[in-house]
Amino acid sequence: PLSMAQVKRQLLDDWLRSTDASLAAFEALKEDPRRADELAEGVRMALRATHNLAEGAGAASLAAAAKLAPSLQGQRVVAVMSGGNLDRTKLRAIIN
């Protein structure tokens with residue numbers, strides 16, 4: 001089994017690093033491990049609220065909306081949830 005620290009590292013490694021623009025964001029995220037906690041919470045939130053599985057990148061919009069909820073009060077918000085590329089080992093570590 002993977003430790004939560006290993007899962008967090010993999011969430012960051014998998015998170016939106018497919019373009020040059022996202023590479024800078026990825027490098028910044030690596031410096032702050034709390035971001036992986038937020039992505040993991042986004043995955044848990046997706047499961048609880050929608051009964052759908054999203055990988056870290058796919059749940060990033062949900063995590064961001066939750067974090068920004070006080071400033072979004074009274075506004076219509078759309079959060080795109082995508083990607084279910086999360087294996088059982090990572091999922092088990094996130095939900096436990």
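I looked up α3 and α6 and noted that they are roughly perpendicular to each other (the word covers angles of 65 to 115 degrees, with under 35 roughly parallel, over 145 roughly antiparallel and the rest oblique). Their axes come within 10 Å and cross at roughly 90°; axes here are lines fitted to C-alpha atoms, for helices over the stretch in contact, and angles run from 0 to 180 degrees between N-to-C directions. Helices are DSSP runs of H or I with at least four residues, numbered from the N terminus. In this contact (heavy atoms within 4.5 Å), A40, V43, R44 and L47 of α3 meet L91, I94 and I95 of α6. I sorted these residues into six nonpolar, no polar and one charged, where Asp, Glu, Lys and Arg count as charged, Ala, Val, Leu, Ile, Met, Phe, Trp, Tyr, Cys and Pro as nonpolar, and the others as polar.

Before going further I noted that this is a predicted model, in which local features need pLDDT of at least 70 and side-chain atom pairs count only at pLDDT 80 or more, while totals for chains, interfaces and linings use all residues. Residues are numbered from 1 along each chain as its sequence is written, and side-chain values use heavy atoms, with hydrogens and water left out.

I then turned to α3 and α4, whose axes lie 7 Å apart at an angle of about 95°, which makes this pair roughly perpendicular as well. The residues of their contact divide into nine nonpolar, two polar and three charged.

Which residues make up the largest nonpolar core? I listed eleven, among them V7, A40, V43, A59, L86 and I94; such a core is a set of buried Ala, Val, Leu, Ile, Met, Phe, Trp, Tyr and Cys residues joined through side-chain atoms within 4.5 Å. α3, α4 and α6 each supply at least two residues of this core. Beyond four places in sequence, V43 is in contact with A54, E55, G56, A59, L86 and I94.

In the loop between α3 and α4 I found H51, which has a positive phi of about 60° although it is not a glycine. H51 counts as exposed at 68% relative accessibility (exposed is over 50%, buried under 20%, partly exposed in between, with a 1.4 Å probe and protein chains only).

Last, I checked pLDDT, the predictor's confidence in each residue from 0 to 100: the chain averages 77, and 73% of the residues score at least 70.
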